[in-house]
Amino acid sequence: HANIMLFGGGALAMRYGARDETKDLDVIFQDSEKELLVKAVAEIGTNHDIEKDWMNDEGKGNVTKEILENSTVFIELPGLTVLAPSAEAMLAMKVCSMRTTDDSPDINDIKFLIKETSIKTVDEVLDITEKFRPDYFRYLTPKHQYMISQLIEET
């Protein structure tokens, strides 16, 4: 039996219905069978002519213990349990990894999560971000804070 935590665009698409697609699935393989899972993911990629890393754990450095503790099961299948973070935790992750270009999917993801969490102020976003990403101050520039205020106004 495998346990994975899905986050990023995959969680936004599958758990929250925020988008129709994502380029890959960001996961944390949560058990001792990681090597077997990585091998299975690569084999699925090969068999379906997609990138071998279509599911990967490259973003696991963005997941804090606070985010892990605030994740819940949203898919339970024979042999597989999939967890995903709460909308608030997802917002904190997206805010910290926000790309500020106009074509970035992060912008629409953050707008969706602002609506999903009923946030009304930048301070609320910063409080949530600090709760789930205590190291957030390393990532948020004045430009990010300005963009967050603009996104709140737009939603």
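Q: Which residue forms a salt bridge with Lys 94?

A: Side chains of opposite charge can pair when their charged atoms come close. A salt bridge here is a side-chain nitrogen of Lys or Arg within 4 Å of a carboxyl oxygen of Asp or Glu. Lys 94 pairs with Asp 109, with the closest N and O atoms 3.0 Å apart. This is a predicted model, where local features need pLDDT of at least 70 and side-chain atom pairs count only at pLDDT 80 or more, while totals for chains, interfaces and linings use all residues. Residues are numbered from 1 along each chain as its sequence is written, and side-chain values use heavy atoms, leaving out hydrogens and water.

Q: Where in the chain do Lys 94 and Asp 109 lie?

A: Helices (H or I, at least four residues) and strands (E, at least two) are DSSP runs, numbered from the N terminus. Lys 94 is in helix H4 (residues 87–96) and Asp 109 in helix H5 (residues 105–117), so the pair, 15 residues apart, links distant parts of the chain.

Q: Is Lys 94 buried or exposed?

A: Buried means under 20% relative accessible area, exposed over 50%, and partly exposed in between (1.4 Å probe, protein chains only). Lys 94 is buried because its relative accessible area is 8%. Asp 109, at 3%, is buried too.

Q: Which residues are linked with Lys 94 in a network of salt bridges?

A: The network joins Arg 19, Lys 94, Arg 99, Asp 106 and Asp 109. Within it, Asp 106 bonds to Arg 99 through a salt bridge, the closest N and O atoms being 2.9 Å apart. Asp 106 is buried at 1% relative accessibility, whereas Arg 99, at 45%, is partly exposed.
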